[in-house]
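Here is a structure to read through in questions and answers. Please keep the sequence and the model in view.

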Amino acid sequence: MSQTHEFFEELTRRGHEPLLQRVQATIRFEVSDVRADPADPPDQDATATGGDRAAVVSRLVAVDHGRLTVSADGGGTAADATIACSASELEDLVNGRTSAMASLLRGALTVQGDPELVVLAQRLFSRHPAPTPEVDVHTGEGRPS
Amino acid sequence: MSEGLVRILEGNTFVVSDRRGDIEASPTDPGGLFAWDTRFLSRWVLTVDGKRLTALSTDDLNYYEARFFLVLGTSTVYVNANLTVIRQRAVGHGFRESITLLNHHTGPVDLRLRMDVACDFVDLFEVKDALAKQGTCTTRVEDGALVISYDRDTFHRDTTVSASEPASRVDESGLEFDVHLDAHGSWSTELYVAPRIGRPDVPSLMSVDGVGPGADGGGPEELEEWLAAAPRLLTDSDQLAATYRRSLVDLAALRFSPAIAGSRSLPAAGLPWFMTMFGRDSIFTSLQALPFNPGLAETTLRVLGDWQGSRVDDFRDEDPGRILHEMRYGELTAFQERPHSPYYGSADSTPLWLVLLDEYERWSGDSGLVREFEPEARAAIHWIDTYADLQGNGYISYQRRNEQTGLENQCWKDSWDSISFKDGRLPGFPRATCELQGYAYDAKVRVARLARQFWDDPAYADALERQAADLKARFDRDFWVEDGGYYALALEADGTRVDALSSNIGHLLWSGIVDDAKASTIAAHLLGPRLFSGWGVRTLADDQARYNPIGYHVGTVWPFDNSFIAWGLRRYGFREEAARVAAGVLDAAGFFEGRLPEAFGGYERSLTRYPVQYPTACSPQAWSTGAPLLFLRTMLGLDAVGEHLIVDPAVPVSFGRIELLDIPGRWGRIDAFGRGLVDVDKAR
């Protein structure tokens with residue numbers, strides 16, 4: 001499965017993000033240049049280009065006091081913020097190789113709507129939220145290299 | 001910064017020019033128009049018929065506005081005194097500049113007015129290092145405007161220069177106007193310089209579109225509103241009144257709207273090079289200003305809370321729950337050549353954020369914010385207990401993981417030699433400085449209150465209180481320097497006490513971690529001859545090996561440091577001692593026209609008779625600006641208890657009467673009065 005699809009799958013599995021408890025908003029993600037992978041779910045909503053598999057994957061992530069719902073984006077739903085980037089930039093964000101601010105400053109990530117939601121969206125990118133750190137803080141074991 | 005430069009600013013946009021209004025920056029020269037850590041204009045030179053102008057006078061009308069009166073010719077020979085040129089510049093998002101020509105001659109004249117323009121788009125950090133640019137600059141003329149762009153990969157910045165009066169000619173290096181002036185006639189145009197971040201087809205996060213003050217609510221009316229909203233000070237001391245006014249105006253100039261806060265603003269660290277969000281500086285300044293403007297604290301809490309760390313990232317020294325140290329917006333940050341996106345390498349901003357959260361609620365009664373940010377507050381406590389406890393010994397300590405561009409000392413005394421033994425040796429890492437433990441103690445005591453009162457979690461509150469009590473007992477045992485009678489500056493990795501006598505013990509009083517039985521010994525040290533210079537408490541006692549009266553953190557007196565020491569002295573009931581510290585620093589302010597510098601020399605007051613300023617490029621600085629405000633609080637003994645404002649004055653005789661009217665808070669607005677009864681000279 002492409003990392004883009006994996007990211008949205010992970011959000012669906014997570015289902016709840018305690019650090020977004022005070023957030024009630026809908027965020028649209030528009031991820032471009034997604035490389036097709038046979039394991040990807042069929043994309044009825046995505047923009048097909050030249051008969052290929054989806055090149056742009058678009059998802060709506062609804063946050064309701066921490067509860068996360070990921071849905072295919074028919075384009076009709078208004079979002080409080082739209083975050084757009086390439087698939088490789090999203091991978092870098094999820095893997096911690098870059099930060100949302102660096103991407104924004106570089107112009108590799110853009111946001112329309114409420115910019116505060118980009119800041120809070122970083123809590124979606126990171127897979128190890130604060131309350132249960134999965135690294136041994138004394139030895140550093142488990143830290144990404 | 002040299003005397004001859006004129007600086008104006010609004011938010012994090014500032015313009016540095018010479019006294020004629022001209023900018024001729026080199027890659028290493030600090031002149032120009034800067035916004036969001038990028039230089040958007042490096043050349044801005046006005047000529048008339050190819051000749052440079054001479055300044056007759058330059059007025060700093062306001063922090064965001066300047067006016068230049070110019071004539072042709074050199075300063076000794078006025079070639080043509082029949083022509084006056086007036087430039088008036090106001091900064092906002094970019095700046096606008098009106099240029100007016102006045103002909104004093106009895107006949108008409110025809111002139112060629114030219115503005116040379118160039119942009120180098122250097123990152124603020126590059127100005128110091130003179131690094132070569134990796135992207136490309138292009139220049140084009142579009143609809144009578146000059147557009148200069150810089151592109152590197154997806155990174156785009158541009159500057160557009162346009163004029164209200166169409167230019168006669170626009171070329172790649174400037175705009176030209178053919179001007180006809182009748183006898184005693186005048187002519188004027190207005191130029192606009194608009195910087196932009198990001199490609200034109202994409203909405204920008206940084207509000208740099210639009211030009212001029214008022215674009216984000218700034219300008220004279222807004223400044224008057226800001227001043228009017230602050231409590232009014234009536235005092236017999238003209239000097240204190242002037243210092244108070246100066247502090248309020250400077251604090252207004254230091255307000256800064258980070259990219260995600262909408263129109264809300266928080267205190268940036270200092271002008272002009274530190275017009276950005278710093279965890280520590282923004283929190284300390286918000287604490288100092290709380291009785292005067294609680295809005296700054298609210299924004300600081302929200303923005304820093306939003307940006308709280310959420311992952312383990314060695315490059316940014318980020319951990320889940322950690323509050324940031326510094327945010328930057330330039331090219332080096334964008335391409336991760338610097339870690340400030342944001343950088344989290346601060347060991348104190350996390351507990352201090354919790355301290356501010358509680359103190360803010362005590363004053364404002366804004367329990368909604370405390371409820372909203374409960375998850376962040378818990379994550380911050382969790383950071384203190386886990387990630388910050390590098391050695392598993394129950395103390396916050398620091399050691400950077402980013403060894404290339406990270407910060408070595410992650411406490412407020414962040415210079416290389418600030419943490420030393422009495423004999424001058426430097427300890428290894430990790431380091432657990434004493435004030436960090438005080439902040440952690442205070443944070444836990446305060447969060448326990450929040451948990452009990454607002455989160456309905458008495459079990460968590462009990463646990464925090466138990467941990468705090470345990471920390472206090474351990475701290476007293478592990479940090480106490482028996483033969484000196486004070487707390488050690490830090491613990492080394494193996495638990496050895498770093499035994500220098502420093503001002504940090506004053507912060508311990510502020511945090512309440514000092515054992516009651518030892519408080520008077522600590523107060524005696526702070527006001528004793530080794531630490532107290534007469535102007536204030538030195539960062540390091542004058543008999544320590546590394547003491548240097550003009551050493552950055554090893555002997556100078558910091559007004560901000562002293563304001564928190566005074567608060568600490570009051571907390572333990574040392575009213576006269578607190579008044580003495582306040583009087584010393586506020587007397588010093590008189591020598592700086594009410595604008596306290598970041599630090600001044602630790603020389604004995606009786607020796608120099610005036611405070612010797614530490615050479616620094618950063619003035620005003622937020623927490624120095626906030627210091628007089630906190631001194632007013634400590635002199636009047638203001639505290640928020642329950643629904644009430646407590647007033648318990650201990651005012652130095654020299655200030656006479658102090659009345660602070662309309663202090664905002666959960667009580668509405670209340671006045672406080674104090675009379676100068678503390679003879680600080682007698683105590684000396």
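Q: Into which domains is chain B divided?
A: This is a predicted model, in which local features need pLDDT of at least 70, side-chain atom pairs count only at pLDDT 80 or more, and totals for chains, interfaces and linings use all residues. Residues are numbered from 1 along each chain as its sequence is written, while chains are lettered from A and ligands numbered from 1 in the order in which they are written. Domain bounds come from an automatic or database domain assignment. On that basis chain B is divided into domain 1 (6–197) and domain 2 (230–683).

Q: How many residues of domain 1 of chain B are in contact with domain 2 of chain B?
A: Two residues are in contact if their C-beta atoms, placed from the backbone, lie within 7 Å. The C-alpha centres of the two domains of chain B lie 41 Å apart. On the domain 2 side 17 residues take part, and on the domain 1 side the number is 15.

Q: Which element of chain B gives the most to the side of domain 1 that touches domain 2?
A: Helices (H or I, at least four residues) and strands (E, at least two) are DSSP runs, numbered from the N terminus. Strand 1 (6–10), strand 2 (13–17) and helix 1 (124–129) of chain B are the elements that give two or more residues to this side of domain 1. With three residues, the element that gives the most is helix 1 of chain B.

Q: How many charged residues does the side of domain 1 of chain B that touches domain 2 have?
A: Ala, Val, Leu, Ile, Met, Phe, Trp, Tyr, Cys and Pro count as nonpolar, Asp, Glu, Lys and Arg as charged, and the others, Gly among them, as polar. By these classes the side has eight nonpolar and three polar residues, and the charged ones number four.

Q: What radius of gyration does chain B have?
A: The radius is taken over C-alpha atoms, and the globule rule is 2.2 Å times the number of residues to the power 0.38. The C-alpha trace of chain B spans about 85 × 55 × 50 Å along its principal axes. For 684 residues a compact globule would have a radius near 26 Å, which agrees with the value for chain B, 27 Å.

Q: How many residues of helix 10 of chain B are buried?
A: A residue is buried if 20 or more other C-beta atoms, placed from the backbone, lie within 10 Å of its own, exposed if 12 or fewer, and partly exposed in between. Across chain B, 56% of the 684 residues count as buried. Helix 10 (residues 434–453) of chain B has 20 residues. The helix is mostly covered, and its buried residues number 17.

Q: Which elements of chain B do the buried residues of helix 5 pack against?
A: The buried residues of helix 5 of chain B include B:Leu296, B:Leu301 and B:Val303. Their partners in chain B are strand 20 (266–267), helix 4 (279–289), helix 7 (349–364), helix 8 (367–372) and helix 9 (374–385).

Q: Which residue of strand 24 of chain B is the bridge partner of B:Thr433?
A: Two strands pair if DSSP finds at least two bridges between them. An open sheet of three strands in chain B has the order 21-24-25, with antiparallel pairing. Its edge strands are strand 21 (432–433) and strand 25 (497–498) of chain B. Two bridges join strand 21 to strand 24 (residues 490–491) of chain B, and the partner of B:Thr433 is B:Ala490.

Definitions and conventions: Expected span 1.5 Å × (residues − 1).
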